[in-house]
Amino acid sequence: SGFNSIGHMDTMLRGRHQIGHYKEGEEFIQNVFHVLFQICTGKEKSNLSICWLQYEISKVVQCLQAKKKKKLKAQGRKSKKLAKNFLKAPDNRNDLSLWKLYAYLEWLLGNTDDARKVFDTALCTAGTGLKSAHLCSLSLLYAQLEVELLESIEGAVTSRAVHILTKLTENGPYVPYSGQVLTVNVLKARKTYEHALQDYLSKPLVSKEDQVSDADQLVNLVGCYALFQYLTVGIDAAVLIYTQTSEKLEASGPEKCEKTGENSGIQNFPSALEAVTLLHTNLLRFHMKISVYPLNPLREALTEALKRYPSNQSLWRSYIHIQRKSHSASKARRFFDSVTRSTNSLEPWLFAIQAEQMRKKLTEKIQRGDVGDIHCTIPETGLTNRIVALFEHAVQSENGTHCPLLWRMYLNFMV
């Protein structure tokens with residue numbers, strides 16, 4: 001095709017093959033990591049280790065999505081070897097972020113029992129309490145992965161996820177799951193979560209560095225508490241925590257503080273609010289998957305969130321996913337239109353185009369039926385014209401003019 005993409009560009013299909021990691025691009029990225037690794041020391045080195053492992057995990061995820069079993073096995077071996085080498089380094093032995101990524105990697109590769117052992121080992125050596133951001137983050141991921149294995153939330157009170165979230169609130173050392181959770185511990189944990197969240201939301205203003213870690217810690221705490229309530233009480237209790245936290249964070253926004261002269265609340269609030277919103281919508285999506293629940297709460301939460309964060313790709317993906325289930329495109333089109341008018345972000349354009357292309361694909365599939373590749377007598381030109389119009393408007397926008405991906409997608413579509 002005349003060019004190689006460095007790394008990967010998974011937004012387009014070339015024939016039947018998904019564009020994946022190119023050999024030359026892959027070599028380049030590996031060289032960059034190796035060179036930097038010799039230069040960096042201390043905190044920088046551990047941050048680089050985390051980035052490198054995240055990159056390896058992204059390749060494993062790609063193999064899983066493409067359903068390439070052979071490639072997944074080879075990639076899994078390479079990634080695990082790298083993770084183990086990182087954890088052997090004396091500086092990294094107590095680095096919970098690395099332990100978390102290693103456990104997640106094992107989980108993705110289908111080694112659930114090994115992943116649990118890694119999680120349990122990390123939690124046993126990590127110390128105690130809701131004050132540690134890394135510990136909260138580790139427990140939240142572990143609990144989320146366990147929840148995804150549940151087929152329904154009936155009887156989830158005695159599940160491994162509740163055990164993890166309950167142990168997080170106790171001040172004693174972590175004990176691996178033995179098959180039961182005491183009711184009295186669940187009640188104590190609920191009280192502890194409640195008080196911890198109130199304390200965090202009413203914290204006075206702190207230094208710049210603390211603000212960032214405080215915002216992360218708040219998000220992890222809210223995630224753990226909401227998931228705990230979801231498993232022990234139900235979806236409404238979890239949603240209530242998310243909405244209350246969001247209201248509180250909105251109320252303590254920077255512009256509000258300037259008006260009132262107060263300096264309360266978490267100041268790094270936009271990132272915290274966005275992360276809480278993402279947790280909220282993800283939980284609603286999961287709940288709809290395992291039980292009967294109306295679509296409207298999720299649709300409303302997503303439209304509100306996207307008006308505020310028009311460049312958040314995860315939220316757009318969820319929005320497109322739920323819109324596919326709806327037979328009427330007009331509401332989604334109006335929404336895309338309103339968002340593209342009010343922001344300079346390119347994401348709304350890209351996702352609007354993707355939504356229409358998916359609709360076109362579906363229409364063509366239905367029209368052709370079982371006849372094979374014979375084109376129907378009445379071609380679907382309306383959608384084609386609409387997609388071309390979207391591309392035209394997108395490439396005229398300031399950011400769109402300079403976006404190679406958008407131009408490639410346009411060329412690809414025209415071909």
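H7 passes H8 in a left-handed crossing. This is a predicted model. The axes of H7 and helix H8 (residues 183-201) come within 9 Å and cross at roughly 60 degrees. That makes H7 oblique to H8, because an angle has to lie between 65 and 115 degrees to count as roughly perpendicular.

Which residues make the contact? From H7 come Val162, Leu165, Thr166, Leu168 and Thr169. From H8 come Asn185, Val186, Ala189, Thr192 and Tyr193. Sorted by class, the contact of H7 with H8 holds six nonpolar and four polar residues, with no charged residues.

H7 also takes part in another packing arrangement. The buried residues of H5 pack against helix H7 (160-169), as well as against helix H4 (96-108) and helix H6 (133-149). Those buried residues of H5 are Ala115, Arg116, Val118, Phe119, Asp120, Ala122 and Leu123.

How many residues does helix H5 have, and what should they span? H5 covers residues 112-125, which is 14 residues. At 1.5 Å a residue, the helix should span 20 Å. Just after H5 comes glycine 127, with a positive phi of about 95 degrees.

Lysine 67 has a positive phi too, of about 55 degrees, although it is not a glycine. This lysine 67 sits in the loop between helix H2 (42-66) and helix H3 (69-88).

Is lysine 67 buried or exposed? Lysine 67 has a relative accessible area of 72%, so it is exposed. The cut-off for exposed is over 50%. Histidine 287 is found in helix H12 (residues 269-290). Its relative accessible area is 7%, so histidine 287 is buried. The cut-off for buried is under 20%.

| Residue | Relative accessible area | State |
|---|---|---|
| Lysine 67 | 72% | exposed |
| Histidine 287 | 7% | buried |

What does histidine 287 touch? Leaving out residues up to four places away in sequence, histidine 287 touches Ile153, Tyr230, Ile235 and Tyr293.

Now the whole chain. The protein chain has 19 helices and two strands. It has 415 residues, and 45% of them count as buried. Consider contacts in the protein chain between residues at least 6 apart in sequence: 58% of these join residues at least 24 apart.

Key: Residues are numbered from 1 along each chain as its sequence is written. This is a predicted model: local features need pLDDT of at least 70, side-chain atom pairs count only at pLDDT 80 or more; totals for chains, interfaces and linings use all residues. Side-chain values use heavy atoms; hydrogens and water are left out. Helices (H or I, at least four residues) and strands (E, at least two) are DSSP runs, numbered from the N terminus. The expected span of a helix is 1.5 Å times one less than its number of residues. Buried means under 20% relative accessible area, exposed over 50%, partly exposed in between (1.4 Å probe, protein chains only). Contact means heavy atoms within 4.5 Å. Axes are lines fitted to C-alpha atoms, for helices over the stretch in contact, and angles run from 0 to 180 degrees between N-to-C directions. Angles under 35 degrees count as roughly parallel, over 145 as roughly antiparallel, 65 to 115 as roughly perpendicular and the rest as oblique. A crossing is left-handed if the near helix is turned anticlockwise from the far one by less than a right angle, and right-handed if clockwise. Ala, Val, Leu, Ile, Met, Phe, Trp, Tyr, Cys and Pro count as nonpolar, Asp, Glu, Lys and Arg as charged, and the others, Gly among them, as polar.
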